[in-house]
Amino acid sequence: MAVQEFLSPKSLSEAQAAFGEGAASSWLAGGTDLLVGIRLGARDPSRVVDLKQIPELTAIEIDDASVRIGAAASAFDVLHNSDVPSLFPGLAEALNLIGSTQITGRCSAGGNLCNASPAADSIPALIANGAQCRILGPEGERVLPVENFVVGPNQNALAPGELLVELILPKPVPGTSDAYLRLTPRTEMDIAVAGAGVSITLDSSGTCTAARVAIGAVAPTALLVEPAGEALVGSPLDQAAMDAAVAAVRAAAKPISDKRGPAQYRTHVVGILVSRAIANAQARIEEAR
Amino acid sequence: MNKPLNKMAVQATINGERTAFLCSPGQVLADVLRDELELIGTKIGCNTGDCGACSVLVDNRLVCACLVLAAEVEGKSVQTVEGIANGGELHPVQQKLLEHGGLQCGICTPGVVVAAKALLEHNPDPTEEQARYWLAGNLCRCTGYDKIIRAVLDAAKTMRGEAA
C-alpha cells in the first residue's frame with residue numbers, strides 16, 4: 001500500500017537486522033529504479049532500508065590486486081574517483097551512459113546490476129572486467145561472478161535477506177584495457193538497442209593474451225561470450241580473429257524484437273559494436289605504451 | 001487497508017537555514033519541499049526522474065527531488081531554486097536566462113537554473129557540447145534549448161570575470 005518504515009542502518013549487521021525476513025523490505029541504494037517502481041506500482045515494499053550510511057556500501061577502495069566498488073557508490077563518485085576511470089575506461093563509459101546528470105549522481109553500479117535490466121549498460125562492462133559480487137546474507141557470505149548474478153529479465157540471484165555489498169574487479173595487468181559501446185536511436189537519455197563490453201590484454205608484440213567479451217540488450221540477461229574471447233586470444237587482432245569473434249557474439253545473441261529494433265537488426269549491430277569496442281580497447285593499450 | 005503512516009522527524013539545512021520537518025517514510029523530497037515547506041519553486045513534471053523539473057542540490061550533488069526520499073536528507077544540505085539568488089541579486093544563470101529569453105512557460109526553469117549552477121561550479125568553462133550533455137536531463141518543450149544553452153555559456157563567461 002505504502003512505505004511504512006524507512007530505516008538507515010550504519011553497519012552491515014544493523015542492515016541485516018533492519019531488513020528482517022525480507023518479504024516486505026527493499027534495499028535502497030540510489031533509488032533511481034526503486035522509487036520509480038514504487039511510483040508506477042511495480043514495487044510495493046512496506047519497509048525501505050537505505051544503504052548509503054554504511055561505509056562498505058559506498059566506499060571505493062583500490063589495493064594491489066583489486067578494485068572494490070561499494071554496491072551503493074554512485075556512478076558520479078566512481079566517475080570522479082582519482083583512479084577507477086583510468087583503470088577501467090570502459091566501465092566509466094558504461095556508467096556515464098546511465099541516464100542524465102541527475103540520475104548519474106544517484107544511481108550505482110550495484111543497483112544497475114540488482115535491477116537486472118537486459119539492457120543495463122554497466123553489466124556487460126562489469127562482466128568484461130571479470131567483476132565478482134560479494135554477497136552477504138543470513139547464512140553468511142558468498143561470491144558470485146557478475147555473469148551468474150543476473151538470472152533473468154529484472155531477476156537477480158539474491159535470496160530474501162541477501163545484500164550485494166560490493167563489486168570486486170581484479171586490477172588490470174599491464175597491457176590491458178576495456179571499452180564499452182552501445183547503440184541508441186538518440187545520443188542521450190535512451191536505453192540500449194545493443195551493447196558490448198570488452199576487456200583485452202596484449203603482449204609487447206601486440207598479440208592478444210587474454211580477452212573477455214560481453215554483450216547486452218540482445219538476450220534475457222547480459223552474456224559473457226567465451227568463444228568470442230577465445231577467438232581473439234593468440235591473434236594479433238587481425239581480420240580473421242575479429243571476424244570469428246563477431247560471428248561468436250552473433251551466434252550467442254538471442255534478442256527480442258521490440259520498438260527499439262527487430263531481432264535481426266540487434267544481432268547484426270551487436271557484432272559491429274563488439275568489433276569497434278575491441279578496436280577502442282586496443283587503441284587505449286597502444287596509447288598507454 | 002490504510003494503516004496510519006508513521007511520521008518521521010527530519011532535520012536538514014535547506015537553502016542555508018536549519019529546518020525541521022515531518023514526513024511519511026515513503027514521501028519524496030519534491031513533495032515535502034512543495035507541500036510541507038511551501039518551497040513551490042521546485043516543479044514536478046514526470047515524477048519519475050526523466051524531466052529534471054524538480055532538480056535540486058543535496059550536499060551539492062545535482063539530483064531529481066522526485067527520486068530522493070525526504071527521510072534521506074537527514075543532516076544534509078538541500079539547495080532549491082529559492083536559494084540560488086543572493087537576496088535580491090539574481091545569480092548570473094538567472095540573469096542571463098532573462099536576458100537571452102531562455103524560458104517561455106517557465107516550468108522547466110527552476111530545474112534548469114539549479115542544474116546550470118551545478119554545472120558551472122563543477123566546470124567553470126564548459127564547451128557547448130559539455131553544457132548540452134550536463135543539461136540533457138532537463139527537458140524544455142518551449143525554447144528548443146538554444147537560448148538556454150547560450151544563456152548558460154554567457155553566465156559562465158560572467159562568472160569567470162570575462163566581458164560578455
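Start with chain B of this predicted model: the C-alpha centres of its domain 1 and domain 2 lie 21 Å apart. To colour the two, select residues 8-83 of chain B for domain 1 and 92-159 for domain 2.

Next, show where these domains touch. Domain 1 of chain B brings 13 residues to the contact, and domain 2 of chain B brings 11. Select strand β3 (residues 55-58) of chain B; with 3 residues, this strand gives the most to the domain 1 side. Colour that side of domain 1 of chain B by residue class: 7 are nonpolar, 5 polar and 1 charged.

Now cross to the other chain. The contact between the chains takes 28 residues from chain B and 24 from chain A. On chain A, pick β1 (5-7), α2 (34-40), β3 (47-50) and α7 (101-104); each supplies at least two residues of the side that touches chain B. Stop at α2(A), which gives the most, with 4 residues. By class, the chain A side holds 11 nonpolar, 8 polar and 5 charged residues.

Last stop: inside chain A. Select 5-170 of chain A for domain 1 and 176-288 for domain 2. Their C-alpha centres lie 24 Å apart. Here 24 residues of domain 1 of chain A are in contact with 26 residues of domain 2 of chain A. On the domain 1 side, highlight α6 (89-96), α9 (122-128) and β8 (150-152) of chain A, the elements that give two or more residues. Colour that side of domain 1 of chain A by class as well: 15 residues are nonpolar, 6 polar and 3 charged.

Methods:
Residues are numbered from 1 along each chain as its sequence is written. Chains are lettered from A and ligands numbered from 1 in the order in which they are written. This is a predicted model: local features need pLDDT of at least 70, side-chain atom pairs count only at pLDDT 80 or more; totals for chains, interfaces and linings use all residues. Domain bounds come from an automatic or database domain assignment. Two residues are in contact if their C-beta atoms, placed from the backbone, lie within 7 Å. Ala, Val, Leu, Ile, Met, Phe, Trp, Tyr, Cys and Pro count as nonpolar, Asp, Glu, Lys and Arg as charged, and the others, Gly among them, as polar.
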